Structure formats: C-alpha cells, structure tokens
Amino acid sequence: MRLFAAVQPPPPAVAELAGVVSEVRRLPDADRLRWADQQGWHLTMAFYGEVDEVVLPELSARLGRAAARHQPPTVRLAGGGRFGDRALWVGMSEGRPELERLAASATAAGRRVGIPMEGRPFHGHLTLARTRNTAATRLRPFADALASFQGTSWVVTSLLLMRSDPGEVGQPPRYSPVGQWPLGREPGPGVTVEP
Ligand code: 2AM
C-alpha cells in the first residue's frame with residue numbers, strides 16, 4: 001500500500017481555507033486543474049511510497065513514539081505557491097520549524113523500518129490542486145490569488161499515517177487514515193491501526 005505521514009487541519013481551518021479556495025476556483029481555467037478533495041487536505045510529514053503491510057505494526061509503533069516526543073505546535077496556513085506548473089499549494093506562516101522537526105522524526109521512523117527514504121527537504125505546504133498531464137495550465141495566477149491569504153492559527157494535535165489509493169480516471173487520489181497518534185503524550189488504547 002502507498003503510505004505517507006501527515007497532519008491535517010481541523011474543521012474550522014478547513015472551512016476557512018475552503019472559502020478562499022472557492023474564490024480561487026472562479027479564475028479562468030480553474031476547471032482544468034485537479035483540485036484535491038478538501039476531506040483529504042494535509043501537510044505531508046513523510047512520504048513512504050509503496051510499503052509492504054508487514055512493516056505496518058513497527059512503523060505504527062515508531063510513529064506513535066515519535067508523536068509523543070513532540071509538543072503540539074501552533075500552525076497557521078498562509079500565502080500560496082506552486083511547484084512549477086505541476087502543483088498549487090498554500091504555505092505556512094507559523095509553526096514551520098516545529099513541523100519540520102516532526103517531519104524529520106516521521107522520516108526517521110520510515111528509515112528505521114527499512115523504507116528507502118528520499119532526502120527531500122521539508123517544505124511545509126498543503127497541496128490544493130495539480131495540473132493534468134494532458135493540459136498545460138499556468139499556475140501563477142492561482143498562486144498570486146492566494147498570496148494575501150492569512151489563516152487563523154490552529155494546534156496540531158495528532159500525527160496520522162495515511163493511505164493513498166488511486167482515484168477514478170481524472171480524479172485525485174483518495175486518502176484514508178490508517179493510524180493516528182496524539183502529539184505530546186503516550187498513545188492510549190484508543191489508537192486505530194487498521195492493516
Ligand atoms: P504533494 O502534496 O507535495 O504532492 C500523498 O501522495 C502525499 O505525499 C502528497 O501530499 C504528496 O505531496 C506527497 N508525496 C508524493 N510523492 C512524494 C515523493 N516522491 N516525495 C515526497 N512526498 C511525496
């Protein structure tokens with residue numbers, strides 16, 4: 001299964017961002033982009049790629065311990081940017097150093113269970129849309145429209161292990177949580193880990 005570790009904004013932050021995104025989606029050519037489903041909006045902490053199910057228990061245990069070592073950071077989404085003309089994202093104006101440390105721990109957890117981790121530097125972004133391979137769409141106007149966005153701050157209370165499954169043709173991938181662990185305290189018995 002294809003896995004990654006992430007944190008997700010709480011419903012009020014999602015609603016706030018959704019309001020801005022609905023404005024941005026009124027720009028010309030917005031319907032040529034593949035917009036991420038807001039239910040799955042996340043900040044990636046570590047990307048594990050295709051992982052054998054047998055590593056799930058150990059990876060989960062390590063992620064739980066890693067989460068417990070990090071105090072819940074305050075995060076604020078702000079501004080916009082793009083990776084070339086491939087992906088459009090909203091950035092962060094608060095909490096980046098804390099999330100970078102959490103991302104380093106999530107990456108280390110993957111490495112320790114034998115997943116070959118890429119050495120990509122932490123960026124701190126939430127992907128909103130991707131371009132379709134077949135249609136070249138310039139993302140700059142969309143990123144510019146997000147430039148002045150300053151979200152309300154929120155506290156990251158948990159680290160999630162997410163599974164990514166391909167969506168229907170032309171649709172974004174579907175993300176579902178496989179495990180969730182609280183930040184700053186030992187995980188209790190209520191932790192969900194479904195293989
Ligand atoms: P992105 O939002 O910047 O595209 C699930 O696929 C998540 O993992 C996405 O949010 C994606 O980040 C990230 N991801 C996908 N492939 C990746 C890779 N090779 N390295 C790092 N992150 C990746």
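**Aromatic pairs and annotated histidines**

Three aromatic pairs are found in a search of the whole structure, where rings of Phe, Tyr and Trp (its six-membered ring) pair if their centres lie within 6.5 Å, with planes under 30 degrees apart counted as stacked, over 60 as edge-to-face and the rest as tilted. The model is predicted, so that local features need pLDDT of at least 70 and side-chain atom pairs count only at pLDDT 80 or more, while totals for chains, interfaces and linings use all residues. Residues are numbered from 1 along each chain as its sequence is written, and side-chain values use heavy atoms, with hydrogens and water left out.

One of the pairs joins Phe-4 and Tyr-175, whose ring centres lie 5.2 Å apart with planes at 75°, and this pair is therefore edge-to-face. Because Phe-4 belongs to strand 1 (residues 2–7) and Tyr-175 to strand 9 (residues 174–182), the pair ties together parts 171 residues apart in sequence; helices (H or I, at least four residues) and strands (E, at least two) are DSSP runs numbered from the N terminus. Phe-4 is buried at a relative accessible area of 4%, whereas Tyr-175 is partly exposed at 23% (buried means under 20% relative accessible area, exposed over 50%, and partly exposed in between, with a 1.4 Å probe and protein chains only). Phe-83 and Trp-89 form a tilted pair, 5.6 Å centre to centre with 45° between the planes. Of these two residues, Phe-83 is partly exposed at 25% relative accessibility and Trp-89 is buried at 13%.

The "active site" annotation of an unreviewed UniProt entry covers His-42 and His-125; UniProt positions are given in the numbering used here, feature names are shortened, and annotations may be inferred rather than shown by experiment. Although spread over 84 residues of sequence, these residues cluster in space, with a largest C-alpha distance of 8.4 Å.

His-42 lies in the loop between strand 2 (33–35) and strand 3 (43–50) and is buried, with a relative accessible area of 11%. Beyond its neighbours within four places in sequence, His-42 is in contact (heavy atoms within 4.5 Å) with residues including Phe-4, His-125 and Tyr-175. The side chain of His-42 also reaches the backbone oxygen of Gly-40 at 2.8 Å.

His-125 is located in the loop between helix 3 (96–112) and strand 6 (126–131), and is buried at a relative accessible area of 17%. Residues up to four places away in sequence not being counted, His-125 touches His-42, Leu-43, Thr-44, Phe-83, Trp-89 and Val-90.

Terms used. Polar contact = N/O pair within 3.5 Å; in protein donor to acceptor, adjacent residues only side chain to side chain.
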